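User: I would like to go through this structure with you, strand by strand and then site by site. Could we begin?

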Amino acid sequence: MALLPILEFPDPRLRTVATPVDPARIADAQFQSLIDDMFETMYEAPGIGLAASQVDVHQRFMVIDVSEEKSQPMVFINPEIVARDGEQVYQEGCLSVPGIFADVTRADRITVKYLDRTAKECELDVDGLLAVCIQHEMDHLAGKLFVDYLSPLKREMVRKKLAKQRRQAAA
């Protein structure tokens, strides 16, 4: 397994809309290895979700593990939200926007259809943190970031803060 580089805002590649994964490709050893590498990258970062777009692979899949023990890895391939209900505000962070957190309003409960890492068709009804995480990662697959929910002024402040952090890290 290998750690993958995570793209950081404002990298324009984060705006790429991911293309669907060919289900025939899921069993491929190279694709399975990529999934394993994404989990390793997410756990090391540390994070609870990672979309393929964040590691410059513009295909519709993501890995998630919201458990405290990091013992419940989930893979969502070609995910589609088929139902939404309620509303919740959650303070979100993002591996592509390090050190920045902001309140984002999302659906409280969702139903998501997807293929798992064995290409089995699944449907899951979720709420709370897992619902937030799925919606956040699906935004990545659509070329959207959580900072897009912020006002233009706050988004510019985030951009400047990250640029300053990068300059300090390089010095």
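User: What is the bridge partner of Ala 83 in S6?

Analyst: Please note that this is a predicted model. Within it, Ala 83 has Thr 111 of S6 as its bridge partner. The two strands concerned, S3 and S6, pair in the antiparallel sense over six bridges.

User: And over how many bridges do S2 and S3 pair?

Analyst: S2 and S3 pair over four bridges, in the antiparallel sense. Ile 64 stands opposite Met 74 in S3.

User: Which residue in S2 is the bridge partner of Leu 50?

Analyst: Leu 50 has Val 63 as its bridge partner in S2. S1 and S2, the latter comprising residues 61-64, are joined in the antiparallel sense by three bridges.

User: In what order do the five strands of the open sheet come?

Analyst: The order is S1-S2-S3-S6-S7, with antiparallel pairing. S1 (49-51) and S7 (121-127) are the edge strands, each pairing on one side only. On average, neighbouring strands of this sheet are turned by 40 degrees against each other, direction ignored.

User: Which strands does H1 touch where it packs on the sheet?

Analyst: Helix H1, residues 29-44, touches S1, S2 and S3 (74-85), and its direction makes about 45 degrees with that of S2. Helix H2, residues 128-141, also packs on the sheet. H2 touches S1, S2, S3, S6 (109-115) and S7, and its direction makes about 150 degrees with that of S2.

User: Changing topic: how many aromatic pairs does a search of the whole structure find?

Analyst: The search finds three aromatic pairs. One of them is the stacked pair of Phe 39 and Tyr 43, at 5.9 Å centre to centre and 25 degrees between the planes. These two residues are four apart in helix H1, so about one helical turn separates them.

User: Is Phe 39 buried or exposed?

Analyst: Phe 39 is buried, with a relative accessible area of 7%. Tyr 43 counts as partly exposed, at 28% relative accessibility.

User: How are the rings of Phe 76 and Tyr 114 arranged?

Analyst: That pair is tilted, because the planes stand at 50 degrees; the ring centres are 4.4 Å apart. Phe 76 lies in strand S3 and Tyr 114 in strand S6, so the pair ties together parts that are 38 residues apart in sequence. Phe 76 counts as buried at 0% relative accessibility, and Tyr 114 counts as buried at 11%.

User: Turning to annotation, where does UniProt place the feature "binding site"?

Analyst: The UniProt entry, which is unreviewed, places that feature at Cys 94, His 136 and His 140. These residues span 47 residues in sequence, yet no two of their C-alpha atoms are more than 10.2 Å apart, so they gather at one spot. Cys 94 and His 136 are included in the lining of the largest pocket.

User: What is Cys 94 in contact with, leaving aside its neighbours within four places in sequence?

Analyst: Cys 94 is in contact with Gln 54, Ile 100, His 136, His 140 and Phe 146. Cys 94 lies in strand S4, residues 88-94, and counts as buried at 10% relative accessibility.

User: And which residues does His 136 touch, not counting those up to four places away in sequence?

Analyst: His 136 touches Glu 92, Gly 93, Cys 94, Arg 106 and Phe 146. His 136 lies in helix H2 and is buried, with a relative accessible area of 6%.

Note on methods: Residues are numbered from 1 along each chain as its sequence is written. This is a predicted model: local features need pLDDT of at least 70, side-chain atom pairs count only at pLDDT 80 or more; totals for chains, interfaces and linings use all residues. Side-chain values use heavy atoms; hydrogens and water are left out. Two strands pair if DSSP finds at least two bridges between them. Axes are lines fitted to C-alpha atoms, for helices over the stretch in contact, and angles run from 0 to 180 degrees between N-to-C directions. Contact means heavy atoms within 4.5 Å. Rings of Phe, Tyr and Trp (its six-membered ring) pair if their centres lie within 6.5 Å; planes under 30 degrees apart count as stacked, over 60 as edge-to-face and the rest as tilted. Buried means under 20% relative accessible area, exposed over 50%, partly exposed in between (1.4 Å probe, protein chains only). UniProt positions are given in the numbering used here, feature names are shortened, and annotations may be inferred rather than shown by experiment. On a 1 Å grid over the protein atoms alone, a cavity is a set of points where a 1.4 Å probe fits but cannot get out, and a pocket is an open set with protein on both sides within 12 Å along at least five of seven lines; lining residues have an atom within 4 Å of a point.
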